[in-house]
Structures are given as structure tokens and as C-alpha cells.
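Good morning, everyone, and thank you for making time for this.

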Amino acid sequence: GYGSGTLLVEPAALSFSAASHAMPVFADDFDADALQLNQTHFLGGWSVTDGTVDLIGAGGPWDLIPGHGRYVDLDGSTSNAGVFTKLLDLTAGVTYSASFALAGNQRGYANDIVDVTFGAISSSYTLASADALLGHMLAFTPTASGTFALSFANRGGDNVGALLDNVAVTAVPEPQAVA
């Protein structure tokens, strides 16, 4: 009856409320971008330097992880993997969380190593060819306000790179003080 309906609604409302505390700064799933090898124009304001990346996936001949829309092959089609970068204006003292999904190249090639840098924080991820699209996260707290880079660089240059999707940056709320 009415009581069970209320119980179903309340957890959903609580989940929405908890999620709303994190302040979104930027998000891109690349689904609105045009499929293209050696892509240089991204609606999310990304830049590609020192090489190339490919935008592949749904609607094109290289849908290597069906059901995930469009995604970036971090080693474009020129045998020179590009550095894929988004610049973000961040505030001193605020902790930001960058989340992103990486998958192996899905084409039977060697492992890919992806270097991810967010402000002054960096990490490297080694992905086997068949590795599924899995989420990762880096947190960064700038000591001064300014413009900071979130960048992805696939080591190598064999035209077959790791796959990137679902990039998001949120401002992490400070814990509530205990009364």
C-alpha cells in the first residue's frame, strides 16, 4: 500500500540528496562529438598536443566496446599518441575529484600505459588489451586558485591505444562538522 510506496521513494530521494552535495565542475562522455580519426575538435573544449587521438565508438566502424557510446582512442592514427587535455579553473583549498573510465585497446595489441595528470597529482595505469571499461579517480586540492590541466597520455605510438570515456570533475564537499 501507501507505506511501501513511501519506502521506495525515500531511498531514491536520499540518494539524490547525497549526490547533489558534490558540485559538478565538468563532465564529458564524448557522445555528442563527431566520430573522426585524428580528431582535434571536441565540444568539451579538449585540446590534443604532441600527436593525435581518435574518436571512435557507436555509429562508426570501430565500436570496440558496444553499449558505451563514443570514446577516445588515446593513440590516434598517426603512430604518435597525443596528449589529451582539458583546462579547468579551480579554487584554492577546494578538493576536486576527477573520475574517468579506461579500457584496454580491445584489439589484441600489447598492454597500454596511460599517464593521467590532474593539477600536481599524477598516476599511471597499465591496461591489458582485453581490460573492460573501468572507473578510476584522482583527487587534487590546489594551493592557489588558477587554471589546471587534466590530461591523459598513452605511452607508445602504434595507432592502437587505451580507450577513455566518462570524464567528470566534481568539487568534493567538506565533511559536516559534528555538533
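Predicted model: local features only at pLDDT ≥ 70, side-chain atom pairs only at ≥ 80, totals over all residues.

By a contact I mean heavy atoms within 4.5 Å. With that in place, among contacts in the protein between residues at least 6 apart in sequence, 70% join residues at least 24 apart.

Residues are numbered from 1 along each chain as its sequence is written, and side-chain values use heavy atoms, with hydrogens and water left out.

The protein has one helix and eleven strands, where helices (H or I, at least four residues) and strands (E, at least two) are DSSP runs numbered from the N terminus. Reading from the N terminus, the order of elements is α-β-β-β-β-β-β-β-β-β-β-β. The accessible surface, computed by the Shrake-Rupley method with a 1.4 Å probe and, for residues, with only the protein chains shown counting as cover, comes to about 9200 Å², of which 59% belongs to carbon and sulfur atoms. Of the 179 residues, 36% count as buried, a word that here means under 20% relative accessible area, with exposed meaning over 50% and partly exposed in between (1.4 Å probe, protein chains only).

Let me take S97 as an example of a buried position. S97 sits in strand β6, which covers residues 96-103, and its relative accessible area is 11%. Leaving aside residues up to four places away in sequence, S97 touches F118, M137, L138, A139, A168, V169, T170 and V172.

How many salt bridges does the structure hold? There are two, with a salt bridge taken as a side-chain nitrogen of Lys or Arg within 4 Å of a carboxyl oxygen of Asp or Glu. In one of them R107 pairs with D73, the closest N and O atoms being 3.0 Å apart. This pair links distant parts of the chain, since R107 lies in the loop between β6 and β7 (112-118) and D73 in strand β4 (residues 70-73), 34 residues apart. R107 is partly exposed at 28% relative accessible area, whereas D73 is buried at 1%.

The side chains of R155 and D115 also meet in a salt bridge, at 2.9 Å from N to O. R155 is in the loop between β10 (146-154) and β11 (163-171), D115 is in strand β7, and the two are 40 residues apart. R155 is partly exposed, with a relative accessible area of 46%, and D115 is partly exposed as well, with 22%.

Turning to the rings, a search of the whole structure finds eleven aromatic pairs. Rings of Phe, Tyr and Trp (its six-membered ring) pair if their centres lie within 6.5 Å, and planes under 30 degrees apart count as stacked, over 60 as edge-to-face and the rest as tilted. One of the pairs is F30 with F42, edge-to-face, at 6.3 Å centre to centre and 80° between the planes. F30 and F42 both lie in the loop between β1 (23-28) and β2 (47-49), twelve residues apart. F30 is buried at 0% relative accessible area, and F42 is buried at 3%. F140 and F148 form another edge-to-face pair, with 5.2 Å between centres and 65° between planes, and both are buried. Finally, F26, F30, F42, W46, F84, F100, Y125 and F152 form one aromatic cluster.
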